Amino acid sequence: MGSQTETPYNADDDRSVAAFLAWHVSVGADLAINETPVNRLLPPELRRRDDGQPQTLNQTLNQGQNPSAEQRGRSTTVSSMRPTAASAESAEAAARAATTLAELEAAIKAFEGCALKTTAMNTVFSDGTPDSGLMFVGEAPGADEDRQGKPFVGVSGQLLDRMLGAIGRDRTQAYIGNVMPWRPPGNRKPSPQETTICLPFIKRHIALVKPKVLVFLGGTAAATLLDTTLGITRLRGRWLDYVDEENGLTIPVMPTYHPAYLLRQPALKGDAWRDFLEIQARLTSLSA
């Protein structure tokens, strides 16, 4: 077997830099992050030290004093909770002020209270037809959705299109959104703090659309919007009610598996198929 000579990386050579980046993309590295993590639950003025490096919470607490364990615990709780509560209140005010979908989309794009926005390429708002009567709500955008700025356009979106086609519908006869409008780095699950901050936006989104039927795709969407700790395997296949007392809404909802989960667990596609038959039957009865 012959040997292959590797070209050394040269930061001053554009071709070398391009090849270096292409190699990282080829092995799946699609997000650049700092070498040292930034605690974004801290107030902005405490996030960086004088040398420009991220400021950790322990360093902040230990500057000039040695607090007790009780003090550290209390300070940690206050420091981590205050930004989340303030951001959620800001999101609530922005969402309530939106009277149209266009205004809501603009409010979300202008919102600066969620750290996910700083790592995402695009704000992913919606796709489809708002007055179709059928609204799907997923968890969060993936890499393809983040690049294109639309929900469910990757391989899981292709499966969702086929599932819609199986009941005689397409994207012009449905409306699609997500709990989170920004992609979590590495496609990780959104944190409870992140979902708390963004919850007012998706609730307002549903209130403005007023669909006849809601479909929650996956456990995160179902647990967040139904305020339950039950997993998707116990929720799916059952008609439940999504209740929004503030806007006077009670909408029938069918929780079902997320298409991305079905790609990993194809044996469950039969259950999802039965869920979609129920959805189509409910829509038909409501239109009669």
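**A walk around strand 6**

Strands here are DSSP runs of E with at least two residues, and helices are runs of H or I with at least four, both numbered from the N terminus.

Before moving on, note that this is a predicted model, in which local features need pLDDT of at least 70, side-chain atom pairs count only at pLDDT 80 or more, and totals for chains, interfaces and linings use all residues. Residues are numbered from 1 along each chain as its sequence is written, and side-chain values use heavy atoms, leaving out hydrogens and water.

Next, colour residues 240-244, which are strand 5. Strand 5 runs antiparallel to strand 6, with five bridges joining them; two strands pair if DSSP finds at least two bridges between them. Four residues lie between these strands in a hairpin, and glycine 248 in the turn has a positive phi of about 65 degrees.

Pick phenylalanine 216 to find its partner in strand 6, proline 255.

Show the whole of strand 6, residues 249-256: seven of its eight residues are buried, so the strand is largely enclosed by the rest of the structure. Buried means under 20% relative accessible area, exposed over 50%, and partly exposed in between, using a 1.4 Å probe and protein chains only.

For a last stop, select threonine 195 in helix 8, residues 192-209. Threonine 195 counts as buried because its relative accessibility is 11%.
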